[in-house]
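Keep the structure open beside you as you read.

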Amino acid sequence: MNVLLIANRQLERQGPGDAKLGYWAWKALSGAGHDVTIVQLEADAIPRRGWHTLKALVAGRPLQVGVTFSQATHRKLIEAAARAMPDLVVAVHARAAAHVPPQLKARTLALLIDAYGLSYQTYAGHLAMPLDVIYRIEQHRMERFERTVATEFGRTAVVSGLDQQYLQGLVARPSAVVVLRLPVDLAFFGDTGRRPSSEGPVFAFVGRLGYIPNRDALRWLVTQIWPALHTRWPNARLRVIGAGADGALRRLLRRPGIELAADVPDIRPHMEDVVALLVPMRLGGGI
């Protein structure tokens, strides 16, 4: 089977969610003997990106889809379909799905990962102005976009049952929305050594630290949850592991018992003495 895989970014075994899911989709399809061609979104020049964003703003499309739209990638997909119609198209992320030409939609699996229309609902009231207003508007735009994808594409996949139920409620053909669990590289993490700490329990929070739901969870953890844990175990430590910590977050983490492992190339050495992961997520999707 000839498969065309459209990736939002470079595929990575241990990268961000969509890069990771794209990698494992490629590995599964190619491992099954299918011929997989990868088309990665190419960033347009800044003036053209501004034009695409303006068009999205006027047309009521999601701004994140507008700012990342690539005319070159869209043209490349049209040309590829004209040369040889693929048997299957896999579009990883909503940004990739926006580039699928109309003639390919019926044979496309849109791996949206999260339903952003649902995810952005959870942001309401938790963000400072003007971000709160921006994300409220973006929520409605993403809901309309995802309804269109789930209606026009052959199949639409998300990684959690909650996201699936949300999208199924938007369309007349609920069976077209399926769940594909976010893969975990068990072989990679199975190599994590164990080095129990004799000084006290070590807890950890792991995640991209520029991502709004992670920042909210970390703020709640540090200000509301950690003080109680630290009172119970005065020798306990909280290790925050992740990339993208800005100055404000670094200042927030300057508290007794908290340490930051920032931008590490491999999280496994920092997990060897951890007794439990703390995941107090209140916002976001895919959970």
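Beyond its neighbours within four places in sequence, Phe145 is in contact with Arg61, Pro62, Val65, Ala94 and Ala98, where contact means heavy atoms within 4.5 Å. A word on the basis before going further: this is a predicted model, in which local features need pLDDT of at least 70 and side-chain atom pairs count only at pLDDT 80 or more, while totals for chains, interfaces and linings use all residues. Residues are numbered from 1 along each chain as its sequence is written, and side-chain values use heavy atoms, with hydrogens and water left out.

Phe145 is also one of the residues with the most contacts inside the largest nonpolar core, together with Ile6, Leu112 and Leu167. That core has 36 residues; a nonpolar core here is a set of buried Ala, Val, Leu, Ile, Met, Phe, Trp, Tyr and Cys residues joined through side-chain atoms within 4.5 Å, with buried meaning under 20% relative accessible area (1.4 Å probe, protein chains only). Among the elements that each supply at least two of its residues are strand 1 (2-7), strand 4 (108-113) and helix 7 (131-152). Helices (H or I, at least four residues) and strands (E, at least two) are DSSP runs, numbered from the N terminus. The largest share, four residues, comes from helix 7. Apart from this core lies another, of 18 residues, including Phe203, Ala217, Leu253 and Leu278.

Now look for the second largest pocket. A pocket is an open set of points on a 1 Å grid over the protein atoms alone, where a 1.4 Å probe fits, with protein on both sides within 12 Å along at least five of seven lines; lining residues have an atom within 4 Å of a point. Its lining counts 19 residues, and Arg61, Ala98, Lys105, Phe145 and Thr148 lie nearest its centre. Helix 7 gives the most to this lining, with six residues.

Strand 4 holds Thr108. Is Thr108 buried or exposed? Thr108 is buried, because its relative accessible area is 2%. Leaving aside neighbours within four places in sequence, Thr108 is in contact with Val89, Ala91, Val100, Phe153, Gly154 and Arg155.

Finally, turn to an open sheet of four strands, in the order 9-8-7-10 with parallel pairing; two strands pair if DSSP finds at least two bridges between them. Strand 8 (residues 237-242) pairs with strand 9 over five bridges in the parallel sense, and Leu238 has Ile258 of strand 9 as its bridge partner.

Definitions and conventions. Buried means under 20% relative accessible area, exposed over 50%, partly exposed in between (1.4 Å probe, protein chains only).
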